Amino acid sequence: MILLTVGTQLPFDRLVRIVDEIAPTLGEPVTAQIGCGKYIPANMEWRRVIDPVEFEDLMDRVTLVISHAGIGTIVTAQRHSKPLILFARSAQLSEHRNDHQLATVNALAQQQGIRVASTVEELEMLLREPVTKVTRMEITARRQSLCDAVADFIQDSIEGRS
Amino acid sequence: MLLRPALDRFNPVYVTTNARLAARDRVGDIRVLPDANRDQLLKGFRCFFAAFKLIMKEKPDIVLSTGALPGLFCVIIAKMAGARTIWVDSIANSDAPSLSGRIARPFSSLWVTQWEHLARSDNARYFGALL
(Lines give C-alpha, C1' and ligand atoms only; values in the text may rest on other atoms or scores of the structure.)
Protein backbone atom coordinates (compact mmCIF):
# COMPACT_ATOMS: atom_id res chain seq x y z
CA MET A 1 0.00 0.00 0.00
CA ILE A 2 1.08 3.54 -0.73
CA LEU A 3 0.24 6.33 1.70
CA LEU A 4 -0.32 9.88 0.56
CA THR A 5 -0.53 12.61 3.18
CA VAL A 6 -0.73 16.36 2.80
CA GLY A 7 -0.95 17.04 6.51
CA THR A 8 -4.03 18.35 8.22
CA GLN A 9 -3.32 22.08 8.48
CA LEU A 10 -3.64 23.27 4.88
CA PRO A 11 -5.22 21.91 1.70
CA PHE A 12 -2.96 20.64 -1.07
CA ASP A 13 -5.35 19.72 -3.86
CA ARG A 14 -2.67 19.86 -6.54
CA LEU A 15 -0.72 16.97 -5.02
CA VAL A 16 -3.86 14.97 -4.20
CA ARG A 17 -5.09 15.33 -7.78
CA ILE A 18 -1.75 14.35 -9.34
CA VAL A 19 -1.50 11.21 -7.24
CA ASP A 20 -5.18 10.38 -7.74
CA GLU A 21 -4.76 10.54 -11.50
CA ILE A 22 -1.71 8.32 -11.50
CA ALA A 23 -2.99 5.95 -8.77
CA PRO A 24 -4.61 3.33 -11.09
CA THR A 25 -1.26 2.71 -12.76
CA LEU A 26 0.80 2.27 -9.60
CA GLY A 27 -0.02 -1.40 -9.09
CA GLU A 28 -0.79 -0.87 -5.41
CA PRO A 29 -3.74 0.64 -3.56
CA VAL A 30 -3.23 4.19 -2.33
CA THR A 31 -4.65 5.57 0.90
CA ALA A 32 -4.79 9.35 1.24
CA GLN A 33 -5.10 11.82 4.09
CA ILE A 34 -6.37 14.89 2.25
CA GLY A 35 -6.90 17.33 5.13
CA CYS A 36 -9.22 20.20 4.29
CA GLY A 37 -8.78 20.00 0.51
CA LYS A 38 -11.69 20.42 -1.89
CA TYR A 39 -10.61 17.81 -4.44
CA ILE A 40 -12.19 14.44 -3.69
CA PRO A 41 -10.12 11.49 -4.91
CA ALA A 42 -11.76 9.00 -7.28
CA ASN A 43 -9.05 6.36 -7.40
CA MET A 44 -7.81 6.24 -3.83
CA GLU A 45 -9.24 5.40 -0.47
CA TRP A 46 -9.23 8.72 1.32
CA ARG A 47 -9.92 10.38 4.63
CA ARG A 48 -9.66 13.96 5.75
CA VAL A 49 -7.80 13.24 8.96
CA ILE A 50 -6.28 9.98 10.08
CA ASP A 51 -5.98 9.58 13.82
CA PRO A 52 -2.30 9.68 14.92
CA VAL A 53 -2.45 6.22 16.50
CA GLU A 54 -3.95 4.71 13.36
CA PHE A 55 -1.56 6.69 11.20
CA GLU A 56 1.26 4.98 13.05
CA ASP A 57 -0.22 1.53 12.28
CA LEU A 58 -0.74 2.44 8.63
CA MET A 59 2.83 3.61 8.38
CA ASP A 60 3.98 0.17 9.44
CA ARG A 61 2.21 -1.44 6.51
CA VAL A 62 3.03 0.90 3.62
CA THR A 63 5.70 0.38 1.00
CA LEU A 64 6.04 4.05 0.10
CA VAL A 65 4.98 7.42 1.50
CA ILE A 66 4.16 10.42 -0.68
CA SER A 67 3.93 13.64 1.26
CA HIS A 68 4.06 17.40 1.42
CA ALA A 69 7.24 18.54 3.13
CA GLY A 70 5.85 18.11 6.62
CA ILE A 71 8.39 17.53 9.34
CA GLY A 72 5.98 15.27 11.24
CA THR A 73 5.64 12.97 8.26
CA ILE A 74 9.38 12.92 7.62
CA VAL A 75 10.02 11.97 11.24
CA THR A 76 7.36 9.25 11.19
CA ALA A 77 8.57 7.77 7.89
CA GLN A 78 12.13 7.66 9.20
CA ARG A 79 11.00 6.00 12.41
CA HIS A 80 9.37 3.26 10.34
CA SER A 81 12.24 3.11 7.82
CA LYS A 82 9.92 3.90 4.91
CA PRO A 83 10.94 5.47 1.61
CA LEU A 84 9.50 8.90 1.13
CA ILE A 85 8.74 11.11 -1.85
CA LEU A 86 8.35 14.77 -0.93
CA PHE A 87 6.51 17.35 -2.97
CA ALA A 88 6.55 20.81 -1.41
CA ARG A 89 3.79 23.38 -1.42
CA SER A 90 4.42 26.43 -3.55
CA ALA A 91 3.90 29.91 -2.18
CA GLN A 92 3.53 31.19 -5.74
CA LEU A 93 0.45 29.00 -6.16
CA SER A 94 -0.84 30.23 -2.76
CA GLU A 95 -0.36 26.80 -1.26
CA HIS A 96 1.67 28.16 1.64
CA ARG A 97 2.67 31.46 3.22
CA ASN A 98 6.25 31.16 1.99
CA ASP A 99 8.58 28.71 0.33
CA HIS A 100 10.30 27.56 3.51
CA GLN A 101 9.22 24.00 2.74
CA LEU A 102 11.15 24.05 -0.54
CA ALA A 103 14.37 25.13 1.13
CA THR A 104 13.97 22.57 3.89
CA VAL A 105 13.14 19.79 1.48
CA ASN A 106 16.25 20.49 -0.54
CA ALA A 107 18.36 20.50 2.59
CA LEU A 108 16.92 17.17 3.78
CA ALA A 109 16.97 15.56 0.34
CA GLN A 110 20.37 13.98 0.87
CA GLN A 111 19.07 11.83 3.69
CA GLN A 112 18.53 8.16 3.23
CA GLY A 113 15.17 7.17 1.76
CA ILE A 114 14.07 10.70 0.88
CA ARG A 115 13.50 11.72 -2.72
CA VAL A 116 12.20 15.11 -3.77
CA ALA A 117 10.03 16.05 -6.73
CA SER A 118 9.60 19.68 -7.67
CA THR A 119 7.49 19.24 -10.81
CA VAL A 120 4.61 16.98 -11.78
CA GLU A 121 6.89 15.22 -14.29
CA GLU A 122 9.51 14.55 -11.64
CA LEU A 123 6.88 13.22 -9.28
CA GLU A 124 5.51 10.82 -11.90
CA MET A 125 9.03 9.68 -12.73
CA LEU A 126 9.85 8.98 -9.07
CA LEU A 127 6.58 7.11 -8.60
CA ARG A 128 7.50 4.78 -11.46
CA GLU A 129 11.00 4.11 -10.17
CA PRO A 130 11.48 1.01 -8.04
CA VAL A 131 11.31 1.73 -4.34
CA THR A 132 14.64 1.62 -2.58
CA LYS A 133 14.88 -0.19 0.68
CA VAL A 134 15.58 1.95 3.71
CA THR A 135 17.67 0.42 6.43
CA ARG A 136 16.83 1.14 10.00
CA MET A 137 18.35 4.43 11.02
CA GLU A 138 20.25 4.84 14.21
CA ILE A 139 20.05 8.01 16.24
CA THR A 140 22.28 10.42 14.40
CA ALA A 141 25.24 12.06 16.07
CA ARG A 142 23.72 15.47 15.50
CA ARG A 143 20.48 14.50 17.21
CA GLN A 144 22.42 13.09 20.11
CA SER A 145 24.49 16.25 20.48
CA LEU A 146 21.42 18.49 20.45
CA CYS A 147 19.74 16.30 23.07
CA ASP A 148 22.92 16.34 25.18
CA ALA A 149 23.21 20.14 24.99
CA VAL A 150 19.59 20.57 26.06
CA ALA A 151 19.94 18.07 28.90
CA ASP A 152 23.13 19.79 30.10
CA PHE A 153 21.43 23.18 30.10
CA ILE A 154 18.51 21.84 32.12
CA GLN A 155 20.84 20.09 34.57
CA ASP A 156 22.88 23.27 35.06
CA SER A 157 19.71 25.32 35.53
CA ILE A 158 18.43 22.97 38.21
CA GLU A 159 21.75 22.86 40.03
CA GLY A 160 22.09 26.63 39.82
CA ARG A 161 18.80 27.02 41.61
CA SER A 162 19.30 24.55 44.40
CA MET B 1 9.20 13.96 20.84
CA LEU B 2 12.65 13.40 19.41
CA LEU B 3 13.93 15.42 22.36
CA ARG B 4 12.49 12.98 24.86
CA PRO B 5 15.81 11.26 25.54
CA ALA B 6 17.04 14.62 26.86
CA LEU B 7 13.97 15.32 28.96
CA ASP B 8 12.54 12.16 30.49
CA ARG B 9 15.07 11.96 33.32
CA PHE B 10 13.76 15.32 34.61
CA ASN B 11 10.15 14.06 34.86
CA PRO B 12 8.67 16.76 32.63
CA VAL B 13 5.06 17.63 32.05
CA TYR B 14 4.38 17.46 28.31
CA VAL B 15 2.00 19.96 26.74
CA THR B 16 0.37 19.29 23.38
CA THR B 17 -2.48 20.61 21.26
CA ASN B 18 -3.44 17.08 20.23
CA ALA B 19 -3.90 14.47 22.94
CA ARG B 20 -3.91 11.72 20.31
CA LEU B 21 -0.30 12.51 19.48
CA ALA B 22 0.55 11.89 23.11
CA ALA B 23 -1.34 8.59 22.95
CA ARG B 24 0.65 7.62 19.85
CA ASP B 25 3.92 8.35 21.62
CA ARG B 26 2.70 6.74 24.85
CA VAL B 27 3.20 9.82 26.95
CA GLY B 28 1.11 9.64 30.09
CA ASP B 29 1.50 12.91 31.95
CA ILE B 30 0.22 15.53 29.51
CA ARG B 31 -1.65 18.82 29.46
CA VAL B 32 -3.63 19.91 26.42
CA LEU B 33 -3.79 23.44 25.03
CA PRO B 34 -6.21 24.60 22.35
CA ASP B 35 -4.44 24.93 19.02
CA ALA B 36 -3.83 28.33 17.48
CA ASN B 37 -1.99 29.94 14.64
CA ARG B 38 -1.39 33.50 13.59
CA ASP B 39 -4.37 33.54 11.20
CA GLN B 40 -6.96 32.91 13.90
CA LEU B 41 -7.15 35.74 16.40
CA LEU B 42 -9.91 34.37 18.63
CA LYS B 43 -8.29 30.96 18.92
CA GLY B 44 -5.07 32.79 19.70
CA PHE B 45 -6.62 34.54 22.68
CA ARG B 46 -8.14 31.31 23.93
CA CYS B 47 -4.82 29.55 23.63
CA PHE B 48 -2.95 32.39 25.37
CA PHE B 49 -5.24 32.35 28.40
CA ALA B 50 -5.12 28.57 28.59
CA ALA B 51 -1.32 28.75 28.47
CA PHE B 52 -1.33 31.42 31.20
CA LYS B 53 -3.48 29.26 33.47
CA LEU B 54 -1.32 26.25 32.78
CA ILE B 55 1.97 27.98 33.60
CA MET B 56 0.53 29.55 36.75
CA LYS B 57 -0.72 26.18 37.91
CA GLU B 58 2.32 24.06 37.08
CA LYS B 59 4.90 26.73 38.07
CA PRO B 60 7.66 25.14 35.97
CA ASP B 61 11.34 25.85 36.67
CA ILE B 62 12.15 25.30 33.02
CA VAL B 63 10.02 25.50 29.89
CA LEU B 64 11.23 24.08 26.59
CA SER B 65 9.37 24.62 23.35
CA THR B 66 9.84 23.76 19.71
CA GLY B 67 7.03 26.15 18.69
CA ALA B 68 4.86 27.24 17.23
CA LEU B 69 2.33 29.77 18.57
CA PRO B 70 1.09 27.78 21.62
CA GLY B 71 4.70 27.03 22.54
CA LEU B 72 5.64 30.67 22.10
CA PHE B 73 2.88 31.68 24.52
CA CYS B 74 4.19 29.24 27.12
CA VAL B 75 7.76 30.50 26.76
CA ILE B 76 6.79 34.18 27.08
CA ILE B 77 4.54 33.61 30.08
CA ALA B 78 7.02 31.30 31.81
CA LYS B 79 9.90 33.74 31.31
CA MET B 80 7.82 36.56 32.82
CA ALA B 81 7.01 34.26 35.73
CA GLY B 82 10.72 33.73 36.37
CA ALA B 83 11.32 30.34 34.76
CA ARG B 84 14.29 29.54 32.55
CA THR B 85 13.24 28.96 28.98
CA ILE B 86 14.63 26.97 26.07
CA TRP B 87 13.55 27.49 22.49
CA VAL B 88 14.48 24.85 19.91
CA ASP B 89 13.62 26.43 16.58
CA SER B 90 11.88 24.25 14.02
CA ILE B 91 14.02 22.52 11.40
CA ALA B 92 11.26 23.41 8.95
CA ASN B 93 12.85 26.78 8.28
CA SER B 94 16.29 26.46 6.78
CA ASP B 95 16.56 29.93 5.29
CA ALA B 96 15.69 31.98 8.39
CA PRO B 97 14.50 31.42 11.95
CA SER B 98 10.75 30.82 12.24
CA LEU B 99 8.54 33.82 13.03
CA SER B 100 7.57 32.42 16.41
CA GLY B 101 11.25 31.70 17.03
CA ARG B 102 12.25 35.28 16.31
CA ILE B 103 9.61 36.55 18.73
CA ALA B 104 10.70 33.99 21.32
CA ARG B 105 14.34 35.07 21.25
CA PRO B 106 14.22 37.83 23.91
CA PHE B 107 12.19 35.50 26.13
CA SER B 108 14.59 32.56 25.80
CA SER B 109 17.37 31.72 28.27
CA LEU B 110 18.73 29.36 25.61
CA TRP B 111 17.80 29.76 21.94
CA VAL B 112 18.79 26.95 19.62
CA THR B 113 18.69 26.65 15.84
CA GLN B 114 18.89 23.32 14.04
CA TRP B 115 20.76 24.78 11.09
CA GLU B 116 24.46 25.47 11.46
CA HIS B 117 24.41 28.37 9.00
CA LEU B 118 21.76 30.17 11.08
CA ALA B 119 23.84 30.09 14.26
CA ARG B 120 25.07 33.37 15.74
CA SER B 121 27.66 33.31 18.45
CA ASP B 122 25.65 35.40 20.89
CA ASN B 123 22.03 34.35 20.91
CA ALA B 124 21.42 31.59 18.35
CA ARG B 125 23.32 28.47 19.30
CA TYR B 126 23.79 25.38 17.16
CA PHE B 127 24.44 21.99 18.78
CA GLY B 128 22.92 19.62 16.23
CA ALA B 129 19.59 18.75 14.69
CA LEU B 130 16.79 16.32 15.39
CA LEU B 131 16.60 15.09 11.80
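Ala36(B) is buried, with 23 other C-beta atoms within 10 Å. Buried means that 20 or more other C-beta atoms, placed from the backbone, lie within 10 Å of a residue's own; exposed means 12 or fewer, and partly exposed is in between. This is a predicted model: local features need pLDDT of at least 70, side-chain atom pairs count only at pLDDT 80 or more, and totals for chains, interfaces and linings use all residues. Residues are numbered from 1 along each chain as its sequence is written, while chains are lettered from A and ligands numbered from 1 in the order in which they are written.

Ala36(B) sits in the loop between β2 (30–32) and α3 (41–58) of chain B. Helices (H or I, at least four residues) and strands (E, at least two) are DSSP runs, numbered from the N terminus. Beyond residues up to four places away in sequence, Ala36(B) touches Lys43(B), Gly44(B), Cys47(B), Leu69(B) and Pro70(B). Contact here means C-beta atoms, placed from the backbone, within 7 Å. Asp25(B) is 11 residues from Ala36(B) in sequence, yet the two C-alpha atoms are 22 Å apart.

How many of the 12 residues of α4(B) are buried? The count is 10, so the helix is largely enclosed by the rest of the structure. Just after α4(B), Gly82(B) takes a positive phi of about 100°.

Next come the cores. A nonpolar core is a set of buried Ala, Val, Leu, Ile, Met, Phe, Trp, Tyr and Cys residues joined through C-beta atoms within 7 Å. The largest has 39 residues; Val150(A), Cys47(B), Ala51(B), Phe73(B), Cys74(B), Val75(B) and Ile86(B) have the most contacts inside it. Two or more residues each come from α6 (141–161) of chain A and from α3, β3, α4, β4 and β5 (110–113) of chain B. α4(B) gives the most to this core, with 8 residues. Apart from this core lies another, of 31 residues, among them Ile2(A), Leu64(A), Ala117(A) and Leu127(A).

Chain A has 6 helices and 6 strands. The strands form an open sheet in the order β3-β2-β1-β4-β5-β6, with parallel pairing. Its edge strands are β3 (45–47) and β6 (114–117), each pairing on one side only. Strands pair if DSSP finds at least two bridges between them. Strand β4 (residues 64–67) of chain A is joined by 3 bridges to strand β5 (residues 84–87) of chain A. One bridge partner pair is Ile66(A) and Ile85(A). Of the 162 residues of chain A, 34% count as buried.

Finally, the two chains meet. The contact takes 27 residues from chain B and 25 residues from chain A. On the chain B side, α1 (4–7), α2 (19–24), β3 (62–65) and β4 (84–88) each supply at least two residues. α2(B) gives the most to this side, with 4 residues.

How values were computed: Two residues are in contact if their C-beta atoms, placed from the backbone, lie within 7 Å.
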